[in-house]
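Hi everyone, thanks for having me.

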Amino acid sequence: MKVLVVDDEPTILETVQTKLRKEGYTVFTGGSAEEGMKIFRQVKPDLCLLDIMLPNRSGLELCRAIRKDSNVPIIFLTARSSEADRLSGFELGGDDYVVKPFNLSELAARVK
């Protein structure tokens with residue numbers, strides 16, 4: 001299974017990528033919404049993990065753009081923890097919402 005992870009924090013990208021690769025997933029990473037959309041179009045992932053707070057364009061906007069082309073499952077992985085943020089994520093087409101800091105094993109279970 002191909003997983004796209006989009007986050008502007010290199011440590012998060014590396015940590016999540018390492019864990020998911022150990023679980024047997026093929027992982028692609030991007031540091032911005034623009035980069036994430038480019039990778040999305042190229043690799044057609046089976047699942048997307050998106051941060052909300054990205055440079056220039058938010059993960060919510062990226063989710064909206066992905067939803068125009070695909071029904072791929074989307075999990076938000078973000079520090080934004082308010083009820084309004086969660087509802088926005090679900091209303092725009094997110095399937096799950098994980099708040100940072102998070103447990104890697106729980107994230108892997110949600111991905112599975």
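This is a predicted model: local features need pLDDT of at least 70, side-chain atom pairs count only at pLDDT 80 or more; totals for chains, interfaces and linings use all residues.

Let's begin at Lys44, which lies in the loop between H2 and S3. Lys44 has a positive phi of about 45°, although it is not a glycine. Here is some background for anyone new to this: most residues other than glycine have a negative phi, and most peptide bonds are trans. Is Lys44 buried or exposed? Its relative accessible area is 57%, so Lys44 is exposed.

There is another residue of this kind in the loop between S3 and H3, and that is Asn56. Asn56 isn't a glycine either, yet its phi is positive, at about 70°. Asn56 counts as exposed because its relative accessibility is 78%.

While we are on backbone details, look at Lys100 and Pro101. A cis peptide bond joins these two residues, with omega at about -5°. You'll find Pro101 in the loop between S5 and helix H5, which covers residues 104–111.

Now let's step back to the sheet. In what order do the strands of this open sheet come? The order is S2-S1-S3-S4-S5, 5 strands with parallel pairing. At the edges sit S2 and S5 (residues 96–99), each of them pairing on one side only. On average, neighbouring strands of this sheet are turned by 20° against each other, ignoring direction. As a reminder, strands of a sheet pair through backbone hydrogen bonds, either parallel or antiparallel.

Let's zoom in on one pair. S1 and S2 run parallel and are joined by 5 bridges. Val3, for instance, has Val27 in S2 as its bridge partner, and Val6 stands opposite Gly30 in S2. S1 is mostly covered, with 4 of its 5 residues buried.

Next, the helices around this sheet. Helix H1, residues 10–22, packs on the sheet and touches S1, S2, S3 and S4. The direction of H1 makes about 170° with that of S2. H3 lies across S1, S3 and S4, and runs at about 175° to S4.

Let's stay with H3 for a moment. At its start, a side-chain oxygen of Ser58 reaches to within 3.2 Å of the backbone nitrogen of Leu60. Which residues of H3 are buried? They are Gly59, Leu60, Leu62, Cys63, Ala65 and Ile66. Lys68 counts as exposed because its relative accessibility is 70%. Between the C-alpha atoms of Lys68 and Gly89 there are 15 Å, and the two residues are 21 apart along the chain.

On to the inside. The largest nonpolar core has 20 residues. Among those with the most contacts inside this core are Phe40, Leu50, Ile66 and Phe76. S1, H2, S3, H3 and S4 each give two or more residues to this core. A second, separate core has 16 residues, including Tyr25, Val27, Leu107 and Ala108. Back to Phe76: leaving aside residues up to four places away in sequence, Phe76 touches a list of residues that includes Leu50, Cys63, Gly89 and Tyr97.

What about the cysteines? The count of disulfides comes to 0. Cys48 is in no disulfide, and the nearest cysteine sulfur, that of Cys63, is 8.7 Å away. Why does Cys48 count as buried? Because its relative accessibility is 0%. Cys63 is likewise buried, at 0% relative accessibility.

One last stop: Ser32, in the loop between strand S2 (26–30) and helix H2 (33–43). Buried means under 20% relative accessible area, and Ser32 has a relative accessibility of 15%, so Ser32 counts as buried. A polar atom of the Ser32 side chain lies 3.1 Å from the backbone nitrogen of Glu35. Not counting residues up to four places away in sequence, Ser32 touches Val6, Leu54 and Pro55.

Technical notes. Residues are numbered from 1 along each chain as its sequence is written. Side-chain values use heavy atoms; hydrogens and water are left out. Buried means under 20% relative accessible area, exposed over 50%, partly exposed in between (1.4 Å probe, protein chains only). A polar contact is a pair of N or O atoms within 3.5 Å; within protein, one must be able to donate a hydrogen and the other to accept it, and residues adjacent in sequence count only if both atoms are side-chain atoms. Contact means heavy atoms within 4.5 Å. A nonpolar core is a set of buried Ala, Val, Leu, Ile, Met, Phe, Trp, Tyr and Cys residues joined through side-chain atoms within 4.5 Å. Two strands pair if DSSP finds at least two bridges between them. Axes are lines fitted to C-alpha atoms, for helices over the stretch in contact, and angles run from 0 to 180 degrees between N-to-C directions. A disulfide is a pair of cysteine sulfur atoms within 2.5 Å.
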